[in-house]
Amino acid sequence: MSPALSPVADAFRLDGKVAVVTGASSGLGVAFAQALAEAGADVALGARRADRLQDTKKLVEDAGRRAITVPTDVTRPEDAQRLIDETVAQLGRVDVLVNNAGIGTAVPATRETPEQFRDVIDINLNGAYWCAQAAGKVMEPGSSIVNISSVLGITTAGLPQAAYSASKAGLNGLTRDLAQQWTGRKGIRVNSIAPGFFASEMTDQYPPEYLEMMKYRILAGRTGDPKELAATVVFLASPASGYITGQTLPVDGGLTIT
């Protein structure tokens with residue numbers, strides 16, 4: 001028989017909670033959904049590529065939790081609202097929102113088109129706001145919103161990423177303001193995570209030598225494991241972080257202090 005969990009370990013559990021994860025069809029979104037389920041949460045999965053959500057759904061169910069899939073384009077406020085409405089209708093509540101949907105570009109500023117710039121802002125920043133706005137209407141005290149930002153909202157990293165960096169810096173500002181509005185009045189904590197370099201669809205687009213070149217700035221000497229980032233999401237979603245709100249937490253192997 002395994003030993004009983006200590007009260008501290010219990011604080012990291014999400015039993016009886018319902019989490020919503022956007023951008024859940026691939027990459028880090030899959031890792032987040034699986035980790036939340038392993039911590040005890042049922043999970044609503046949103047993404048534009050709805051056909052790819054079934055694999056994530058199976059991972060959640062394999063962890064013994066319920067999962068639903070909702071086709072979601074976060075740039076459409078009505079889609080964000082439907083994601084939250086379907087979660088409440090099918091899973092009963094919303095306790096955690098992980099705003100993970102995002103895209104990146106690496107276009108020199110003199111050549112970036114208005115459409116390219118707006119697309120990044122619309123998904124990474126506006127989409128997070130529409131989802132938070134919808135969730136904030138139904139979340140109960142003790143709920144948590146976790147925005148997935150980036151170290152590029154804090155520092156630069158050698159690629160031309162004006163739109164992406166602006167969207168993530170904006171997301172950090174949005175995090176602070178929503179925390180100011182909702183933590184005291186609604187009991188909803190709002191924080192963001194600023195990942196460094198983790199394997200994802202975006203890093204797959206980097207030049208082959210880029211990540212090797214950047215390792216000199218990473219004190220840990222390596223890129224991150226998605227499970228390390230997922231564990232941070234669970235921490236900020238759980239009661240273990242109950243006295244943390246309005247913060248942007250770098251998870252970057254020390255990159256932002258070099």
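In these legends, two residues are in contact, or touch, when they have heavy atoms within 4.5 Å of each other. The model is a predicted one, where local features need pLDDT of at least 70, side-chain atom pairs count only at pLDDT 80 or more, and totals for chains, interfaces and linings use all residues. Residues are numbered from 1 along each chain as its sequence is written, and side-chain values use heavy atoms, with hydrogens and water left out.

**View 1. Ala35 and the residues it touches.** Let's start with Ala35, which sits in helix α2 (helices are DSSP runs of H or I with at least four residues, strands are runs of E with at least two, and both are numbered from the N terminus). Leave out residues up to four places away in sequence, and Ala35 touches Ala230 and Val234. Ala35 has 14% relative accessibility, so it counts as buried (buried is under 20% relative accessible area, exposed is over 50%, and partly exposed is in between, using a 1.4 Å probe and protein chains only). Phe197 is 162 residues away from Ala35 along the chain, and their C-alpha atoms are 19 Å apart.

**View 2. The two sides of helix α3.** Which residues of α3 (residues 53-62) are buried? They are Leu53, Thr56 and Val60. Looking down the axis of α3, these buried residues fall within an arc of 60 degrees, so they line one face of the helix (the arc is that of the directions from the helix axis to the C-beta atoms). Their cover includes α2 (27-38), β2 (42-47) and β3. Just past α3, Gly64 has a positive phi of about 90 degrees.

**View 3. Thr72 in its loop.** Now for the loop between β3 (67-71) and α4 (77-91), which is where you'll find Thr72. Is Thr72 buried or exposed? Its relative accessible area is 5%, so Thr72 is buried. Setting aside neighbours within four places in sequence, Thr72 is in contact with Gly46, Ala47, Arg48, Asp79, Ala80 and Leu83.

**View 4. Where α4 meets α5.** Two packed helices are described by the angle between their axes and the distance between the axes. On the α4 side, Pro77, Ala80, Gln81 and Ile84 meet Trp130, Cys131, Ala134 and Ala135 of α5.
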